Amino acid sequence: MAIILILGILYYNSLPDPLFNPSYSTILEDKNGTLIGAKIADDEQWRFPVSEEVPEKFKTAIIEFEDKNFESHLGVDPFAIARALKQNYEAGEVVSGASTLSMQVIRLAKENPDRTVWEKLKEMVQATRLEFSYSKDEILSLYAAHAPFGGNVVGLEVASWRYFGRIPADLSWAESVTLAVLPNSPALIHPGRNREALKAKRDRLLKRLMEEEQIDSLTYELSVLEPLPEQPLDLPNVAPHLVSKFYTGSEKGSRVKTSIENNLQIRINKIVDSHHEKLRSNGIQNAAVLVLDVNSGKVISYVGNTKGNSGKHGQSVDVISSPRSTGSILKPLLYMLKLNEGEMLPNSLVQDIPSKFTDYSPQNYNRSYDGAVPASEALSRSLNVPAVYMLLEFGVPKFHHYLNELGLSTITHDPEHYGLSLILGGAEATLWDITSVYGSLAYQLNNYSALKNDSDGYERVNFSSKLASDKHSENHSQRTVINPGALYSTFEAMLEVTRPEEDLHWRRFQNARKVAWKTGTSYGYRDGWAVGIAPEFVVGVWVGNADGEGRPELTGLKTAGPILFDVFDILPASSWFNEPIYEMEEILVCKKSGHRAGSGCPETVKESVPKSGLKTEVCPYHQIIHIDKKSGQRKNSSCADISDLETKSLFVLPPVQEWYYKKNHSEYRSLPELAAGCGEENKLAMRLIYPFNSSVIYVPKELDGEKGKAVFEIAHRNNGTKIFWHLNDEFLGETESFHQLALSPKPGKHTLVLVDEKGERLEHEFEVVSR
């Protein structure tokens, strides 16, 4: 009894545990199960993870060829053993092994041990045990996944791709039969020899299938005419950087079904390739594209870089997950947050003048200034100086906090580390983060009604860009809920961003797709960004060099923008966001300033603004003044009879803003001169533009070695006024209308004194340093 118990225990534990333990290839499939890429297994074998399904053609062929009684025996076929013994006896040598498919699975699991009688007996025992643990379909799947198919090709699925470029289910009878006979003699697949032997073996099995009425005679006749496969084919590789992402993660050696759409991925690859042909003529070698489905949060296309395997130009780098300088790509977030906080209205004026903040002097891309510009226009034109003033008002620490809340995981330093440069590329972000953040905002606007809770607020939402089914990659939770009105106004402003040349006239077409978009260009022309938002899709694009080399003309508009709109052109048609009318309020807005209209605003317009905008201040730029009807000068009751005065409301900007503003606004009228004897003017009419107060300047040498000059500039409210210039009490000269003077002061500290013809005095200290 004890012996029987021991034998039972040995039999129960006779199977290897685990049955198979090889290294598998990492394979990626698109959302429909189509192979999009793979990485070879650690042992340099192409071996795909086990597939549950074995196509009927291969199943029929392999059973006919290897194990006709597979469906009925219990792991060992007595009839096959008897037949093999007879054949071997008559031949005087081993010509038949009588191995069933179950026994072959055991042999494959044990990595083909020596063929001895003892080993054969163990295989028989283990094969019966296998039959008790696995179904016939499972046994067939194990065989198909681990059988050798020549060279380093292991398993039916990879063999089908390597030799025929298709999935096993799509193979013809001739192709299925070719693969069925290969594991028996895998060396026959060598393309340079054995062709006749392989074809003869295939055709014999096809004939047997016809005789067994598994195929008809016409199928047989057509099948024997099909050629054998030639050189092994490359596996699909439409998303190499995505494959590498999973190969280095916990999914290594597994089958990963992603959310990628194969056909879309292929088309976007072609778009990137086409643009790369043009870009590399300017030494621009790399580009990346990420496309998200807004409502599902899934990644539907992932192009991590341009093609190239040499490694010479960094094509192996997955740029989508690489931190790069943000340029202006964060400006819409600041605009949105200021609207959300009720700090401004969509078209509130923001100052745009030459400025210096401690040791930071931002400049607009075109080196010109507008004096004052509507916030929405500053965003659509990507003006740097207004953005810095907006950040100064909003606060760097608060903006830094919100960026982290929104999901920018690479902004890890303290706010003081970035300072005001945070809005102009002083920080780094990944294309993954940037695209995900804008995707989450689009999702919020699409679903704001569903997210609204009973407390008259909005529920927090987690938006995660997902690469694989049921798996989150780099989960970025959005913990900040943005008012839908602020979101809608931001996307509306982003519609006005100038499109690339080929799309300049998109508004003329009735069916033109609306895309809220923004570009970014980092310092030194190292990074070109573009992100585009529609209710259904978000597209993120980066262009540049992986090694950080800057190139002329490498701007977001010229490099990333065209790629972005080419991608949108092949995406399914999209709609536009519904205006969240219950989160907007129609109010009177000052036409000149874009602020809430006050009692002094003579021209007003009705605008639909976010409800948070009701907290903003009324227009600060209109002044009530009294003008003498005859002289046109400003007077008051202390120096004129009230009956002689006309009361007006005048739009008045501070002197420096006014100086630049009226260059582009011929309708602008400066504040009239105050008549003598009517009191002192409280506000200075004169402001220094350059150099900045208490500034340190460097006067460079000219090319010929002579000392150069620095151009000092003054803004005065009254254009025709004369200004007298003095440096260190020495009179330099006078200017009228255009108040600029080129000076070449010696190194050291200096005092500049300016006096206008009305006696107004402006004093400024600065220091000149030499190098």
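Reader: At what angle do α13 and α20 pack?

Author: Helix α13 (residues 331-340) and helix α20 (residues 484-494) pack at about 145 degrees, with axes 9 Å apart; axes are lines fitted to C-alpha atoms over the stretch in contact, and angles run from 0 to 180 degrees between N-to-C directions. Helices are DSSP runs of H or I with at least four residues, strands are E runs of at least two, and both are numbered from the N terminus. This is a predicted model, in which local features need pLDDT of at least 70, side-chain atom pairs count only at pLDDT 80 or more, and totals for chains, interfaces and linings use all residues. Residues are numbered from 1 along each chain as its sequence is written, and side-chain values use heavy atoms, leaving out hydrogens and water.

Reader: Which residues meet there?

Author: From α13, Pro332, Tyr335, Met336, Leu339 and Asn340 meet Ala486, Leu487, Ser489, Thr490, Ala493 and Met494 of α20, where contact means heavy atoms within 4.5 Å.

Reader: Switching to α15, is it mostly covered or exposed?

Author: Helix α15 (residues 384-394) is mostly covered, with nine of its eleven residues buried, that is, under 20% relative accessible area with a 1.4 Å probe, counting protein chains only.

Reader: What covers those buried residues?

Author: The cover includes α13, β9 (349-352), β10 (371-374), α14 (375-380) and α16 (396-406).

Reader: And what comes after α15?

Author: Gly395 follows α15, and the phi of Gly395 is positive, near 105 degrees.

Reader: Now the whole chain: how many helices and strands?

Author: The chain has 22 helices and 26 strands, and its C-alpha trace spans about 135 × 70 × 60 Å along the principal axes.

Technical notes
Buried < 20%, exposed > 50% of the residue type's maximum accessible area, 1.4 Å probe, protein only.
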